[in-house]
Amino acid sequence: MIEYSIYMMGNPIKPEEAPKAYAKNQVREIWDLNKFCKHIASHNAGYSRGLVKAILSDMCDCLVEQLLNGNKIKLGEFGIFSLSISCEGAESLDKFTEDNIKEVNINFNPGIDLMDLRPKAEFSLVASRAAQAAVLKAEKANEKTVDLEAAKKKPTSSGNGDNKPSGDGGDTPTGGAPSGGNTPSGSEGSENSGNTDSGTGEDNEL
């Protein structure tokens with residue numbers, strides 16, 4: 001079950017347009033490798049948690065090794081891994097050197113099992129993290145009302161307000177907004193930059 005909240009957000013590319021409603025999914029938990037391996041082992045596939053972890057660790061090492069050897073790795077229904085490079089331009093061909101290559105990026109193209117999760121997904125509309133925290137605080141203080149506007153604008157311990165989601169534990173964009181210039185842009189990565197929210201503008205939760 002994917003929990004999400006709804007926010008009104010402006011389009012930083014077209015600030016003259018009126019804000020529109022967008023959904024952001026909430027991350028329930030952050031699973032580390034040990035917990036994920038334990039979950040895989042619990043499916044009674046005949047592999048222990050330690051063996052699953054060893055296989056995944058070796059796969060990661062071999063994946064990096066072969067990508068750096070210039071190979072593209074196709075892992076069936078899981079997807080395809082490859083490399084790309086980011087460069088700083090040179091004035092001419094003869095002036096370009098390896099020093100102009102600034103980054104080596106890993107690209108991932110999901111396979112058929114990961115490509116379209118929408119038909120498999122179930123959703124549940126919930127209050128934003130800031131609203132949940134404000135209600136809990138009010139209940140503990142035996143208060144009868146909650147000022148949601150103040151809760152939205154109140155900075156979190158990390159220095160970010162709820163209207164600027166940050167980190168894995170907060171609300172994150174679903175990427176389901178229209179693609180015709182109305183999707184808030186972000187910087188989660190070059191492959192997904194068109195589907196993420198930069199956190200600009202004030203969010204108004206429903």
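**View 1. Cys62 is partly exposed, at a relative accessible area of 44%.** The model shown in this and the following views is predicted. Across the whole structure, a search finds 0 disulfides. Cys62 accordingly takes part in none, and the nearest cysteine sulfur, which belongs to Cys60, is 9.4 Å away. A pair of cysteine sulfur atoms must lie within 2.5 Å to count as a disulfide. Cys87 is likewise classed as partly exposed, with a relative accessibility of 44%.

**View 2. The protein chain contains 5 helices and 7 strands.** Read from the N terminus, the order of elements is β-β-α-α-β-β-β-α-β-α-α-β. The protein chain has 206 residues, and 21% of them are buried. Its accessible surface amounts to about 14,500 Å², with carbon and sulfur atoms contributing 54%. Of the contacts between residues at least 6 apart in sequence, 50% join residues at least 24 apart.

**View 3. Strands S3, S4 and S5 make up an open sheet of 3 strands, in the order S3-S4-S5.** The pairing within this sheet is antiparallel. S3 and S5 are the edge strands, and each has a single partner strand, so one side of each lacks a neighbour in the sheet. S3 covers residues 73-74 and S4 covers residues 79-87, with 2 bridges between the two. S5 covers residues 101-110 and is joined to S4 by 9 bridges.

**View 4. S3 and S4 form a hairpin with 4 residues between the strands.** In the turn, Gly76 has a positive phi of about 55°. The two strands run antiparallel. Across this pairing, Ile73 stands opposite Phe81 of S4.

**View 5. Phe78, Phe81 and Phe108 are linked into a cluster by ring pairs.** The structure as a whole has 4 aromatic pairs. For Phe81 and Phe108, the ring centres are 4.8 Å apart and the planes meet at 40°, so this pair is tilted. Planes under 30 degrees apart would count as stacked, and those over 60 as edge-to-face. Phe81 belongs to strand S4 and Phe108 to strand S5, so the pair ties together parts that lie 27 residues apart in sequence. Phe81 is buried, at a relative accessible area of 12%, whereas Phe108 is partly exposed, at 32% relative accessibility.

**View 6. Ser82 sits in strand S4.** Ser82 counts as buried because its relative accessibility is 12%. Its bridge partner in S5 is Asn107. Residues up to four places away in sequence are left out of the contact list, which for Ser82 consists of Leu67, Lys72, Asn105, Ile106 and Asn107.

**View 7. Ser5 lies in strand S1, which spans residues 2-9.** Ser5 is buried, with a relative accessibility of 1%. When neighbours within four places in sequence are set aside, the contacts of Ser5 are Tyr22, Ala23, Lys24, Gln26, Leu125, Val126, Ala127 and Ser128. Ser5 and Ser124 are separated by 119 residues in sequence, while their C-alpha atoms are 8.7 Å apart in space.

**View 8. Lys24 is placed over the face of Tyr7.** The distance from Lys24 to the ring centre of Tyr7 is 4.2 Å. Lys24 is also one of the residues in contact with Ser5.

Technical notes. Residues are numbered from 1 along each chain as its sequence is written. This is a predicted model: local features need pLDDT of at least 70, side-chain atom pairs count only at pLDDT 80 or more; totals for chains, interfaces and linings use all residues. Side-chain values use heavy atoms; hydrogens and water are left out. Two strands pair if DSSP finds at least two bridges between them. Rings of Phe, Tyr and Trp (its six-membered ring) pair if their centres lie within 6.5 Å; planes under 30 degrees apart count as stacked, over 60 as edge-to-face and the rest as tilted. Buried means under 20% relative accessible area, exposed over 50%, partly exposed in between (1.4 Å probe, protein chains only). A charge sits over a ring if NZ of Lys or CZ of Arg is within 6 Å of the ring centre and within 35 degrees of the ring normal. Contact means heavy atoms within 4.5 Å. Accessible areas come from the Shrake-Rupley method with a 1.4 Å probe; for residues, only the protein chains shown count as cover.
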